[in-house]
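Open the structure in your viewer and keep the selection tool at hand. The tour below goes from one selection to the next and says what is there.

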2 protein chains.
Amino acid sequence: MHIDEMILISVDDHVVEPRDMFERHVSAAYRDRAPRIVKNRHGDDMWQFEGQLRPNVGLNAVAGRPPEEYGYEPTGYDQMRRGCFDVHERIRDMNVNGVLASMCFGSFPSFCGRLWAMTQDKELALVMLRAYNDWHIDEWCAAHPGRFIPLAQLPLWDIGLMVDEVRRVAKKGCHAVAFLENPLIVGLPSIHSEAWDPFWRACCDERVVLCIHIGSAWSPSPPAPESPVETIMTGVPIGSFHCAVDLVFSRVLRNFPDLRLALSEGGIGWIPYFLDRIDWIYARHHRWTRQDFGGERPSDVFRRHFLTCFIDDPVGIKLRNEIGTDRIAWECDYPHSDTTWPTAPEALHANLAGASDDDVNRISHLNAMRWFDFDPFSAMGGRTRCTVAALRAQAKDVDLSLLRGKGGKAPVDAAQGFVTASDVMKQLATALDGQANRPA
Amino acid sequence: MHIDEMILISVDDHVVEPRDMFERHVSAAYRDRAPRIVKNRHGDDMWQFEGQLRPNVGLNAVAGRPPEEYGYEPTGYDQMRRGCFDVHERIRDMNVNGVLASMCFGSFPSFCGRLWAMTQDKELALVMLRAYNDWHIDEWCAAHPGRFIPLAQLPLWDIGLMVDEVRRVAKKGCHAVAFLENPLIVGLPSIHSEAWDPFWRACCDERVVLCIHIGSAWSPSPPAPESPVETIMTGVPIGSFHCAVDLVFSRVLRNFPDLRLALSEGGIGWIPYFLDRIDWIYARHHRWTRQDFGGERPSDVFRRHFLTCFIDDPVGIKLRNEIGTDRIAWECDYPHSDTTWPTAPEALHANLAGASDDDVNRISHLNAMRWFDFDPFSAMGGRTRCTVAALRAQAKDVDLSLLRGKGGKAPVDAAQGFVTASDVMKQLATALDGQANRPA
């Protein structure tokens with residue numbers, strides 16, 4: 001298949017929330033307490049909520065910035081491409097990249113909305129969480145029908161409220177929610193508790209997929225503060241491995257056969273090893289551990305329940321038949337540092353060299369459409385308007401020049417000659433020192 | 001290649017230390033303080049040293065036991081095959097399994113000898129550590145020339161002493177030492193410290209390989225005590241991933257080009273994904289993280305320095321060219337629960353279906369011989385005496401009947417219907433309660 005003929009749906013991108021996002025979705029009684037943008041004493045834009053600051057981490061909004069200016073330091077709206085936070089500019093950035101549709105995880109409340117669970121006043125948290133979802137579904141996604149797969153955040157402090165929110169957003173046409181690798185992190189019972197059953201049931205009833213983005217509740221322990229920062233970055237997808245193991249061996253998937261999950265940004269090259277490993281462990285140990293998968297193997301259960309997701313993964317695509325070509329979806333990860341924007345079609349095409357047209361279509365868009373009950377073709381007026389070539393034709397005036405010198409402060413220390421885990425922690429601490437106080 | 005013609009060298013097995021191991025290697029002044037076998041109040045054999053008990057964990061000596069009787073509870077010598085601790089019986093168990101040679105990690109002092117580093121009296125610890133190595137090299141390995149690749153433990157509390165021990169054991173012909181994923185665990189500086197340079201240099205000088213066995217200093221955090229025990233077992237090899245990332249991005253490998261390591265029991269199916277991932281992270285981030293691999297990629301550095309190791313890994317073997325067929329070695333893991341004993345040749349042959357004879361030979365024995373400077377053919381009187389068929393012909397009288405009812409106490413709780421992380425922790429705690437006091 002020629003690059004121009006491909007149709008790309010990305011099941012993992014990110015929105016940097018615009019500063020006015022709460023204005024139209026919070027009632028007057030709560031409006032003064034909504035998160036707001038302030039500048040810290042270094043001049044960075046930060047979200048302020050309940051007296052605390054939340055940075056926009058720079059490495060998460062670097063699309064279009066020169067690689068030597070990447071960094072973990074917080075940044076400001078004027079240092080980002082407008083497509084990070086302006087939905088109309090986002091569409092133009094998608095068009096220039098040949099991307100038909102996108103699922104957008106959040107930024108300042110964390111990918112899965114942990115901020116709301118960390119908020120003391122839970123009544124306030126619920127108001128803001130619902131406002132967030134209303135903004136995301138009714139404003140961001142609705143602005144351009146057929147271009148966004150909606151994704152809701154959940155009130156992660158109360159399973160009953162989570163059930164209510166799943167049903168509420170499903171009524172608005174949202175069939176995906178951001179979940180996390182390990183609910184213990186937010187003080188909820190582990191996934192092994194039966195307390196979760198009403199939530200699993202609601203997700204099955206409403207055909208809602210649990211999207212578990214890497215780094216939501218798990219990060220690898222770097223062996224030492226002086227470890228290169230690459231040690232952390234490389235290992236983050238491994239959280240998906242541990243999360244999937246725990247789910248596969250739990251009773252959850254066997255008791256809720258319709259439950260569906262996505263391992264967002266988890267990568268796929270490790271999946272065949274993982275499948276061999278869970279079957280090996282089961283075959284050798286189930287007689288004493290008393291696990292019982294009936295006539296199935298753990299890998300059968302995994303393949304039925306999980307969508308696997310990748311950005312650029314040559315080995316994973318080579319092993320696509322071991323994974324299952326109906327269980328792989330592509331990701332763009334705009335505007336994070338792993339994104340292949342604005343040459344995503346070229347990168348994906350190289351990954352898929354030698355694959356049949358059927359495999360290309362499944363992996364580039366059909367699996368995402370099926371898994372998320374998403375039909376962009378109707379909204380777009382037909383499939384031919386959805387191809388890489390058709391979208392790029394609409395975006396000839398998009399400015400792709402690099403945003404030089406607009407951010408990317410050098411790591412403050414790098415005393416060892418390279419950036420360490422400790423260096424980036426210091427960057428964040430510096431940004432948060434002397435709490436912000438003036439409205440931006 | 002026919003199974004009978006294969007030659008098998010395993011770079012990962014385990015010895016359960018025999019009760020008399022210290023008798024001939026500790027001077028009279030220290031003999032009373034050497035570790036000794038006692039029985040706890042449940043009748044299990046335990047090592048007692050400096051007032052503390054160390055169990056022989058059952059799941060680590062299960063070869064020949066029925067799978068429904070596996071378990072984590074400590075066990076006794078009379079519950080194990082004699083081949084676990086009797087070197088002459090070990091040779092017979094190797095013969096019946098067609099295995100020419102074996103590298104044996106320790107048991108009660110941990111795979112890498114952490115027990116010695118945890119001992120308060122460091123003079124005593126050094127005496128016992130050296131006695132351990134002398135027993136291992138001069139007694140266990142020397143009993144049957146050509147059948148064991150010696151592997152020393154190190155005084156992990158003092159880098160200077162580690163250098164001395166590397167040079168001492170190398171003089172005895174030992175070219176492998178057990179290292180650990182993360183020296184911070186035993187209170188040493190991280191591998192990024194220049195304090196390690198004399199040790200790296202000694203290993204290069206003496207052609208000594210650092211063997212980093214999974215579980216030496218890293219275990220995955222189970223998400224909850226009620227997680228199935230499979231969650232822990234499945235994830236342990238992932239420690240090799242994190243350890244390798246840290247080493248690859250450190251200055252160590254670039255500054256010590258002759259340093260060689262083995263990722264013992266790490267598995268290999270994940271390696272191609274890992275190689276893609278480290279190259280991707282480097283390519284996208286090195287301009288701001290200031291990492292500099294010259295004209296190389298991180299994967300080039302990995303391939304030069306690491307031997308990868310597997311027990312049974314169909315995907316890894318399928319991807320052998322991505323890993324490098326001169327960087328893969330096979331493991332038997334006798335007598336642990338992952339062992340393929342006594343049908344290892346059949347299991348390995350199935351993994352290698354379709355591989356060329358050259359690849360079979362490299363992976364089954366030639367890579368191990370080269371990496372560890374080990375020549376069993378001379379000691380055995382020629383290559384033809386080393387094949388699966390030749391060895392099995394000597395072992396027709398080995399009893400392969402299962403050791404039924406000789407161990408494998410049921411997990412004490414399993415209240416959820418299956419064995420959890422918490423259940424096996426309780427088993428161990430029960431074994432250690434009421435410290436032992438009567439000599440066995």
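How many salt bridges are there between chain B and chain A? The count is four, a salt bridge being a side-chain nitrogen of Lys or Arg within 4 Å of a carboxyl oxygen of Asp or Glu. This is a predicted model, in which local features need pLDDT of at least 70, side-chain atom pairs count only at pLDDT 80 or more, and totals for chains, interfaces and linings use all residues. Residues are numbered from 1 along each chain as its sequence is written, chains are lettered from A and ligands numbered from 1 in the order in which they are written, and side-chain values use heavy atoms, with hydrogens and water left out.

**Stop 1: the interface**

Select K318(B) and E322(A): their side chains form a salt bridge, at 2.5 Å from N to O. Between chain B and chain A, 26 residue pairs, both at pLDDT 80 or more, are in polar contact (a pair of N or O atoms within 3.5 Å; within protein, one must be able to donate a hydrogen and the other to accept it, and residues adjacent in sequence count only if both atoms are side-chain atoms).

Next, colour α10(B), which gives the most to the side of chain B that touches chain A, with 12 residues. Helices (H or I, at least four residues) and strands (E, at least two) are DSSP runs, numbered from the N terminus.

Now show both chains. Chain B and chain A bury about 6200 Å² between them, 62% of it on carbon and sulfur atoms; buried area is the accessible area (1.4 Å probe) that two parts lose on being put together, summed over both. Pick out T234(B), Y273(B) and W288(B), which supply 13% of the area that chain B buries against chain A, more than any other three residues.

**Stop 2: two cis peptide bonds**

Go to Y334(B) and P335(B), joined by a cis peptide bond with omega about 0 degrees. P335(B) lies in the loop between β11 (328–330) and α14 (344–351) of chain B. The loop between β11 and α14 of chain B also holds P342(B), and the peptide bond from W341(B) to P342(B) is cis, with omega near -5 degrees.

**Stop 3: a positive phi**

Finally, select E265(A), in the loop between β9 (261–264) and α10 (271–289) of chain A. E265(A) is not a glycine, yet its phi is positive, about 60 degrees.
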